[in-house]
There are 2 protein chains.
Amino acid sequence: MPIGFEQHDHTTCIQTALTSAETCCADEGLQLTKVRRRVLELLLVEHKALGAYDILSTLNSEGLGSQPPIVYRALDFLVANGFAHKIEKLNAYSACCHPGKAHAPVFMICRACKYVVEAQTEPLRNFLGSTAKAAGFLIERTVIEIEGLCPACQKAEVL
Amino acid sequence: MPIGFEQHDHTTCIQTALTSAETCCADEGLQLTKVRRRVLELLLVEHKALGAYDILSTLNSEGLGSQPPIVYRALDFLVANGFAHKIEKLNAYSACCHPGKAHAPVFMICRACKYVVEAQTEPLRNFLGSTAKAAGFLIERTVIEIEGLCPACQKAEVL
DNA sequence: CATGTAATGTTATACTATAACATATAGGAA
DNA sequence: TTCCTATATGTTATAGTATAACATTACATG
Ligand SMILES: [Zn+2]
Ligand SMILES: [Zn+2]
Ligand SMILES: [Zn+2]
Ligand SMILES: [Zn+2]
(Lines give C-alpha, C1' and ligand atoms only; values in the text may rest on other atoms or scores of the structure.)
(Ligands and ions follow the chains in the order given, each with its own letter.)
Protein backbone atom coordinates (compact mmCIF):
# COMPACT_ATOMS: atom_id res chain seq x y z
CA MET A 1 0.00 0.00 0.00
CA PRO A 2 1.36 3.39 -0.82
CA ILE A 3 1.86 5.83 2.00
CA GLY A 4 2.13 8.53 -0.60
CA PHE A 5 2.30 8.94 -4.33
CA GLU A 6 5.41 6.86 -4.87
CA GLN A 7 5.59 3.89 -7.24
CA HIS A 8 4.47 0.65 -5.71
CA ASP A 9 3.36 -2.87 -6.58
CA HIS A 10 -0.28 -2.19 -7.13
CA THR A 11 -1.23 -5.84 -7.59
CA THR A 12 -0.53 -6.15 -3.89
CA CYS A 13 -3.02 -3.37 -3.17
CA ILE A 14 -5.63 -5.20 -5.19
CA GLN A 15 -4.97 -8.61 -3.68
CA THR A 16 -4.89 -7.32 -0.13
CA ALA A 17 -8.15 -5.44 -0.52
CA LEU A 18 -10.00 -8.31 -2.18
CA THR A 19 -8.73 -10.89 0.28
CA SER A 20 -9.59 -8.65 3.16
CA ALA A 21 -13.12 -8.16 1.84
CA GLU A 22 -13.60 -11.88 1.30
CA THR A 23 -12.33 -12.75 4.75
CA CYS A 24 -14.36 -10.08 6.44
CA CYS A 25 -17.54 -11.08 4.63
CA ALA A 26 -17.03 -14.72 5.52
CA ASP A 27 -16.43 -13.84 9.16
CA GLU A 28 -19.38 -11.53 9.45
CA GLY A 29 -21.85 -13.46 7.34
CA LEU A 30 -21.97 -10.76 4.68
CA GLN A 31 -22.47 -11.60 1.04
CA LEU A 32 -19.82 -10.39 -1.38
CA THR A 33 -22.07 -10.86 -4.37
CA LYS A 34 -21.10 -10.67 -8.02
CA VAL A 35 -22.02 -7.01 -8.40
CA ARG A 36 -20.49 -5.95 -5.09
CA ARG A 37 -17.26 -7.75 -5.83
CA ARG A 38 -17.08 -6.35 -9.33
CA VAL A 39 -17.61 -2.79 -8.10
CA LEU A 40 -14.82 -3.25 -5.57
CA GLU A 41 -12.56 -4.56 -8.33
CA LEU A 42 -13.34 -1.54 -10.47
CA LEU A 43 -12.51 0.78 -7.59
CA LEU A 44 -9.21 -1.05 -7.19
CA VAL A 45 -8.07 -0.68 -10.79
CA GLU A 46 -6.21 2.51 -9.94
CA HIS A 47 -5.84 4.86 -7.01
CA LYS A 48 -8.47 7.12 -8.48
CA ALA A 49 -11.99 7.80 -7.38
CA LEU A 50 -14.81 6.72 -9.66
CA GLY A 51 -18.21 8.33 -9.98
CA ALA A 52 -21.23 6.10 -9.50
CA TYR A 53 -22.25 6.58 -13.11
CA ASP A 54 -18.78 5.70 -14.39
CA ILE A 55 -19.04 2.44 -12.54
CA LEU A 56 -22.58 1.94 -13.75
CA SER A 57 -21.59 2.27 -17.38
CA THR A 58 -19.00 -0.48 -16.93
CA LEU A 59 -21.47 -2.70 -15.12
CA ASN A 60 -23.91 -2.08 -17.92
CA SER A 61 -21.41 -3.08 -20.59
CA GLU A 62 -20.79 -6.28 -18.65
CA GLY A 63 -24.46 -7.10 -18.30
CA LEU A 64 -24.45 -6.64 -14.53
CA GLY A 65 -27.08 -3.93 -14.37
CA SER A 66 -28.08 -0.72 -15.99
CA GLN A 67 -29.99 1.33 -13.42
CA PRO A 68 -28.58 3.65 -10.74
CA PRO A 69 -29.86 1.69 -7.71
CA ILE A 70 -27.68 -1.25 -8.77
CA VAL A 71 -24.50 0.67 -8.32
CA TYR A 72 -25.60 2.77 -5.36
CA ARG A 73 -26.60 -0.35 -3.44
CA ALA A 74 -23.26 -1.96 -4.10
CA LEU A 75 -21.45 1.22 -3.07
CA ASP A 76 -23.55 1.52 0.08
CA PHE A 77 -22.57 -2.02 0.99
CA LEU A 78 -18.88 -1.42 0.36
CA VAL A 79 -18.83 1.86 2.25
CA ALA A 80 -20.92 0.59 5.16
CA ASN A 81 -18.54 -2.30 5.65
CA GLY A 82 -15.36 -0.32 5.27
CA PHE A 83 -14.25 -1.70 1.90
CA ALA A 84 -14.58 1.66 0.18
CA HIS A 85 -14.93 5.33 0.99
CA LYS A 86 -16.86 8.17 -0.52
CA ILE A 87 -14.76 11.17 -1.49
CA GLU A 88 -17.20 13.98 -0.74
CA LYS A 89 -15.28 16.63 -2.60
CA LEU A 90 -15.50 14.62 -5.80
CA ASN A 91 -18.85 12.91 -5.37
CA ALA A 92 -16.92 9.78 -6.12
CA TYR A 93 -15.83 6.53 -4.53
CA SER A 94 -12.49 4.94 -3.77
CA ALA A 95 -11.48 1.51 -2.49
CA CYS A 96 -10.17 1.49 1.06
CA CYS A 97 -6.40 1.09 1.19
CA HIS A 98 -6.24 0.16 4.85
CA PRO A 99 -9.06 -2.31 5.25
CA GLY A 100 -9.78 -4.09 8.46
CA LYS A 101 -8.68 -1.25 10.70
CA ALA A 102 -10.90 1.33 12.29
CA HIS A 103 -9.65 4.56 10.81
CA ALA A 104 -10.45 8.19 10.08
CA PRO A 105 -9.03 8.31 6.58
CA VAL A 106 -7.23 11.33 5.18
CA PHE A 107 -7.35 11.64 1.42
CA MET A 108 -4.87 13.55 -0.67
CA ILE A 109 -6.44 14.33 -4.02
CA CYS A 110 -4.32 15.54 -6.92
CA ARG A 111 -6.36 17.97 -8.99
CA ALA A 112 -4.17 17.36 -12.03
CA CYS A 113 -3.73 13.58 -12.32
CA LYS A 114 -6.77 12.76 -10.17
CA TYR A 115 -4.90 10.23 -8.06
CA VAL A 116 -6.29 9.75 -4.59
CA VAL A 117 -4.08 8.56 -1.77
CA GLU A 118 -5.48 7.40 1.53
CA ALA A 119 -3.07 8.19 4.34
CA GLN A 120 -2.79 6.55 7.72
CA THR A 121 -3.55 8.97 10.51
CA GLU A 122 -3.66 7.92 14.09
CA PRO A 123 -2.25 11.27 15.28
CA LEU A 124 -4.87 13.22 13.37
CA ARG A 125 -7.58 11.10 14.85
CA ASN A 126 -6.32 11.99 18.30
CA PHE A 127 -6.03 15.62 17.36
CA LEU A 128 -9.58 15.89 16.07
CA GLY A 129 -10.70 13.99 19.12
CA SER A 130 -9.34 16.64 21.41
CA THR A 131 -10.70 19.48 19.28
CA ALA A 132 -14.14 17.91 19.44
CA LYS A 133 -13.82 17.14 23.12
CA ALA A 134 -13.13 20.80 23.85
CA ALA A 135 -16.47 21.61 22.27
CA GLY A 136 -18.25 18.69 23.93
CA PHE A 137 -18.88 17.21 20.51
CA LEU A 138 -19.33 13.46 19.94
CA ILE A 139 -17.61 12.34 16.75
CA GLU A 140 -19.37 9.77 14.62
CA ARG A 141 -17.79 10.22 11.20
CA THR A 142 -15.05 12.38 9.74
CA VAL A 143 -14.42 13.75 6.28
CA ILE A 144 -10.82 14.81 5.76
CA GLU A 145 -9.82 15.58 2.22
CA ILE A 146 -6.86 17.57 0.98
CA GLU A 147 -6.86 18.85 -2.56
CA GLY A 148 -3.71 19.95 -4.28
CA LEU A 149 -0.87 18.67 -6.42
CA CYS A 150 1.02 15.42 -6.10
CA PRO A 151 4.84 15.49 -6.46
CA ALA A 152 4.83 14.50 -10.14
CA CYS A 153 2.23 17.08 -11.09
CA GLN A 154 4.09 19.81 -9.21
CA LYS A 155 7.09 19.18 -11.42
CA ALA A 156 4.92 19.09 -14.54
CA GLU A 157 3.32 22.39 -13.53
CA VAL A 158 6.68 24.16 -13.60
CA LEU A 159 7.45 23.14 -17.17
CA MET B 1 -18.20 33.98 17.57
CA PRO B 2 -18.73 30.61 19.15
CA ILE B 3 -15.80 28.33 19.61
CA GLY B 4 -18.25 25.53 20.17
CA PHE B 5 -21.94 24.97 20.59
CA GLU B 6 -22.40 27.20 23.63
CA GLN B 7 -24.87 30.08 23.79
CA HIS B 8 -23.57 33.32 22.40
CA ASP B 9 -24.64 36.73 21.16
CA HIS B 10 -25.37 35.82 17.59
CA THR B 11 -26.05 39.40 16.49
CA THR B 12 -22.32 39.89 16.94
CA CYS B 13 -21.63 37.01 14.58
CA ILE B 14 -23.88 38.61 11.98
CA GLN B 15 -22.47 42.11 12.38
CA THR B 16 -18.89 40.96 12.32
CA ALA B 17 -19.37 38.89 9.20
CA LEU B 18 -21.26 41.59 7.29
CA THR B 19 -18.84 44.32 8.29
CA SER B 20 -15.91 42.16 7.36
CA ALA B 21 -17.40 41.41 3.95
CA GLU B 22 -18.12 45.10 3.32
CA THR B 23 -14.65 46.16 4.34
CA CYS B 24 -12.96 43.44 2.37
CA CYS B 25 -14.98 44.19 -0.77
CA ALA B 26 -14.22 47.89 -0.49
CA ASP B 27 -10.52 47.19 -0.05
CA GLU B 28 -10.29 44.72 -2.91
CA GLY B 29 -12.61 46.44 -5.36
CA LEU B 30 -15.16 43.64 -5.16
CA GLN B 31 -18.87 44.31 -5.50
CA LEU B 32 -21.06 43.15 -2.66
CA THR B 33 -24.20 43.39 -4.76
CA LYS B 34 -27.78 43.09 -3.56
CA VAL B 35 -28.06 39.37 -4.27
CA ARG B 36 -24.63 38.53 -2.87
CA ARG B 37 -25.26 40.47 0.29
CA ARG B 38 -28.68 38.96 0.74
CA VAL B 39 -27.33 35.42 0.33
CA LEU B 40 -24.69 36.14 2.94
CA GLU B 41 -27.36 37.46 5.30
CA LEU B 42 -29.41 34.32 4.81
CA LEU B 43 -26.39 32.15 5.58
CA LEU B 44 -25.89 34.18 8.76
CA VAL B 45 -29.40 33.73 10.13
CA GLU B 46 -28.30 30.70 12.10
CA HIS B 47 -25.26 28.49 12.42
CA LYS B 48 -26.77 26.03 10.02
CA ALA B 49 -25.85 25.20 6.47
CA LEU B 50 -28.33 26.03 3.73
CA GLY B 51 -28.75 24.22 0.46
CA ALA B 52 -28.56 26.28 -2.71
CA TYR B 53 -32.19 25.61 -3.50
CA ASP B 54 -33.30 26.62 -0.02
CA ILE B 55 -31.61 29.95 -0.57
CA LEU B 56 -33.05 30.20 -4.04
CA SER B 57 -36.59 29.78 -2.83
CA THR B 58 -36.12 32.68 -0.42
CA LEU B 59 -34.55 34.84 -3.10
CA ASN B 60 -37.44 33.97 -5.36
CA SER B 61 -40.02 35.00 -2.75
CA GLU B 62 -38.18 38.31 -2.42
CA GLY B 63 -38.06 38.95 -6.15
CA LEU B 64 -34.29 38.61 -6.32
CA GLY B 65 -34.15 35.80 -8.83
CA SER B 66 -35.68 32.45 -9.55
CA GLN B 67 -33.14 30.42 -11.49
CA PRO B 68 -30.29 28.28 -10.11
CA PRO B 69 -27.44 30.28 -11.66
CA ILE B 70 -28.50 33.30 -9.58
CA VAL B 71 -27.78 31.57 -6.32
CA TYR B 72 -24.81 29.53 -7.48
CA ARG B 73 -23.07 32.67 -8.75
CA ALA B 74 -23.62 34.44 -5.47
CA LEU B 75 -22.37 31.40 -3.56
CA ASP B 76 -19.33 31.10 -5.82
CA PHE B 77 -18.50 34.74 -5.08
CA LEU B 78 -18.92 34.31 -1.33
CA VAL B 79 -16.89 31.10 -1.22
CA ALA B 80 -14.15 32.37 -3.54
CA ASN B 81 -13.65 35.41 -1.35
CA GLY B 82 -13.77 33.62 1.95
CA PHE B 83 -17.13 34.91 3.18
CA ALA B 84 -18.71 31.48 3.12
CA HIS B 85 -17.77 27.83 2.91
CA LYS B 86 -19.27 24.83 1.23
CA ILE B 87 -19.98 21.92 3.54
CA GLU B 88 -19.26 19.02 1.21
CA LYS B 89 -20.88 16.39 3.35
CA LEU B 90 -24.18 18.26 3.25
CA ASN B 91 -24.02 19.80 -0.21
CA ALA B 92 -24.80 23.00 1.60
CA TYR B 93 -23.28 26.36 2.42
CA SER B 94 -22.40 28.16 5.61
CA ALA B 95 -21.22 31.70 6.35
CA CYS B 96 -17.61 31.94 7.46
CA CYS B 97 -17.29 32.55 11.19
CA HIS B 98 -13.67 33.64 11.08
CA PRO B 99 -13.53 35.96 8.09
CA GLY B 100 -10.46 37.84 7.13
CA LYS B 101 -8.04 35.16 8.24
CA ALA B 102 -6.46 32.51 6.11
CA HIS B 103 -7.73 29.30 7.60
CA ALA B 104 -8.32 25.62 7.03
CA PRO B 105 -11.75 25.44 8.63
CA VAL B 106 -12.90 22.47 10.67
CA PHE B 107 -16.64 21.99 10.78
CA MET B 108 -18.49 20.14 13.48
CA ILE B 109 -21.88 19.14 12.15
CA CYS B 110 -24.60 17.92 14.50
CA ARG B 111 -26.67 15.30 12.73
CA ALA B 112 -29.60 15.90 15.05
CA CYS B 113 -30.05 19.67 15.31
CA LYS B 114 -28.12 20.43 12.11
CA TYR B 115 -26.02 23.14 13.72
CA VAL B 116 -22.65 23.70 12.10
CA VAL B 117 -19.76 25.12 14.08
CA GLU B 118 -16.61 26.34 12.40
CA ALA B 119 -13.63 25.81 14.68
CA GLN B 120 -10.33 27.64 14.69
CA THR B 121 -7.46 25.32 13.89
CA GLU B 122 -3.96 26.56 13.48
CA PRO B 123 -2.50 23.36 14.98
CA LEU B 124 -4.46 21.17 12.60
CA ARG B 125 -3.27 23.23 9.69
CA ASN B 126 0.28 22.58 10.76
CA PHE B 127 -0.40 18.94 11.28
CA LEU B 128 -1.91 18.43 7.86
CA GLY B 129 0.94 20.43 6.45
CA SER B 130 3.48 17.98 7.79
CA THR B 131 1.42 14.96 6.73
CA ALA B 132 1.27 16.33 3.20
CA LYS B 133 4.91 17.30 3.23
CA ALA B 134 5.88 13.74 4.06
CA ALA B 135 4.13 12.66 0.88
CA GLY B 136 5.50 15.57 -1.14
CA PHE B 137 1.98 16.83 -1.62
CA LEU B 138 1.17 20.53 -2.19
CA ILE B 139 -1.97 21.55 -0.33
CA GLU B 140 -4.35 23.91 -2.09
CA ARG B 141 -7.63 23.36 -0.27
CA THR B 142 -8.78 21.26 2.64
CA VAL B 143 -12.12 19.75 3.55
CA ILE B 144 -12.37 18.83 7.20
CA GLU B 145 -15.80 17.97 8.47
CA ILE B 146 -16.78 16.10 11.60
CA GLU B 147 -20.25 14.66 11.87
CA GLY B 148 -21.73 13.67 15.18
CA LEU B 149 -23.75 15.01 18.07
CA CYS B 150 -23.47 18.38 19.78
CA PRO B 151 -23.60 18.50 23.59
CA ALA B 152 -27.31 19.35 23.76
CA CYS B 153 -28.30 16.58 21.36
CA GLN B 154 -26.19 14.03 23.25
CA LYS B 155 -28.25 14.75 26.33
CA ALA B 156 -31.48 14.57 24.37
CA GLU B 157 -30.41 11.22 22.91
CA VAL B 158 -30.19 9.65 26.34
CA LEU B 159 -33.75 10.56 27.30
C1' DC C 1 -21.35 59.40 -25.52
C1' DA C 2 -18.50 55.30 -26.57
C1' DT C 3 -16.38 51.33 -24.86
C1' DG C 4 -15.29 47.48 -22.15
C1' DT C 5 -16.01 44.72 -18.03
C1' DA C 6 -18.64 42.70 -14.60
C1' DA C 7 -23.08 41.15 -13.15
C1' DT C 8 -27.58 39.38 -14.03
C1' DG C 9 -31.40 37.13 -16.71
C1' DT C 10 -32.94 32.99 -19.10
C1' DT C 11 -33.25 28.49 -21.11
C1' DA C 12 -31.75 24.19 -21.21
C1' DT C 13 -29.37 20.32 -19.64
C1' DA C 14 -26.01 17.45 -17.04
C1' DC C 15 -24.85 15.09 -13.03
C1' DT C 16 -25.83 12.79 -8.51
C1' DA C 17 -28.91 10.15 -5.66
C1' DT C 18 -33.11 7.99 -3.71
C1' DA C 19 -38.17 6.36 -3.29
C1' DA C 20 -41.17 2.84 -4.13
C1' DC C 21 -42.57 -1.38 -5.45
C1' DA C 22 -41.93 -5.92 -7.96
C1' DT C 23 -39.23 -10.08 -8.43
C1' DA C 24 -35.77 -13.38 -7.52
C1' DT C 25 -32.45 -15.89 -4.77
C1' DA C 26 -30.39 -18.20 -0.85
C1' DG C 27 -30.46 -20.36 3.60
C1' DG C 28 -32.85 -22.24 7.53
C1' DA C 29 -37.03 -24.46 9.77
C1' DA C 30 -40.64 -27.71 9.55
C1' DT D 1 -38.47 -31.43 0.22
C1' DT D 2 -41.33 -27.58 0.94
C1' DC D 3 -42.24 -23.51 3.00
C1' DC D 4 -40.84 -19.39 4.97
C1' DT D 5 -38.12 -15.41 5.64
C1' DA D 6 -34.49 -12.34 4.91
C1' DT D 7 -31.54 -10.47 1.62
C1' DA D 8 -30.47 -9.00 -2.82
C1' DT D 9 -31.74 -7.51 -7.42
C1' DG D 10 -34.75 -5.56 -11.18
C1' DT D 11 -37.40 -1.60 -12.74
C1' DT D 12 -39.68 2.79 -13.13
C1' DA D 13 -39.94 7.15 -11.75
C1' DT D 14 -38.46 11.20 -9.58
C1' DA D 15 -35.82 14.21 -6.40
C1' DG D 16 -31.87 16.99 -5.59
C1' DT D 17 -27.52 19.39 -6.99
C1' DA D 18 -24.96 21.99 -10.36
C1' DT D 19 -23.33 24.01 -14.79
C1' DA D 20 -23.20 25.37 -19.94
C1' DA D 21 -24.33 28.69 -23.08
C1' DC D 22 -25.90 32.78 -24.62
C1' DA D 23 -28.62 37.28 -24.17
C1' DT D 24 -29.12 41.45 -21.66
C1' DT D 25 -28.21 44.97 -18.37
C1' DA D 26 -25.55 48.00 -15.27
C1' DC D 27 -21.84 50.57 -14.51
C1' DA D 28 -17.22 52.51 -14.35
C1' DT D 29 -13.89 55.03 -17.20
C1' DG D 30 -12.03 57.64 -20.92
ZN1 LIG E 1 -1.79 0.61 -5.28
ZN1 LIG F 1 -9.83 3.32 4.39
ZN1 LIG G 1 -23.50 33.00 16.15
ZN1 LIG H 1 -14.19 30.27 7.66
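Start at A:Arg36: its charged end sits over the ring of A:Phe77, 3.9 Å from the ring centre. A charge counts as over a ring if NZ of Lys or CZ of Arg is within 6 Å of the ring centre and within 35 degrees of the ring normal. Now select B:Arg36 and B:Phe77, where the charged end again lies over the ring, 3.9 Å from its centre.

What you have open is a predicted model, in which local features need pLDDT of at least 70, side-chain atom pairs count only at pLDDT 80 or more, and totals for chains, interfaces and linings use all residues. Residues are numbered from 1 along each chain as its sequence is written, chains are lettered from A and ligands numbered from 1 in the order in which they are written, and side-chain values use heavy atoms, leaving out hydrogens and water.

**Helix α4 of chain A**

Select residues 68-80 of chain A. This is α4, with 13 residues and a reach of 18 Å from first C-alpha to last, close to the 18 Å expected at 1.5 Å a residue. The expected span is 1.5 Å times one less than the number of residues. Helices (H or I, at least four residues) and strands (E, at least two) are DSSP runs, numbered from the N terminus.

Colour A:Val71, A:Ala74, A:Leu75, A:Phe77 and A:Leu78: these are the buried residues of α4(A). They lie on the same side of α4(A), because they cover an arc of only 160° around the axis. The arc is taken from the directions from the helix axis to the C-beta atoms. Buried means under 20% relative accessible area, exposed over 50%, partly exposed in between (1.4 Å probe, protein chains only).

Look at what they pack against: α1 (10-28), α2 (34-44), α3 (52-61), β1 (84-87) and β2 (92-95) of chain A. Contact means heavy atoms within 4.5 Å. Turn to the face away from the buried side for exposed A:Arg73, A:Asp76 and A:Ala80. After the helix comes A:Gly82, with a positive phi near 80°.

**Aromatic pairs**

The whole structure holds 6 aromatic pairs over all chains. Rings of Phe, Tyr and Trp (its six-membered ring) pair if their centres lie within 6.5 Å; planes under 30 degrees apart count as stacked, over 60 as edge-to-face and the rest as tilted.

Select A:Phe5 and B:Phe137: a stacked pair, 5.4 Å centre to centre, with 10° between the planes. The pair crosses between chains, from the segment before α1 of chain A to the loop between α5 (122-135) and β5 (138-149) of chain B. Both A:Phe5 and B:Phe137 are buried.
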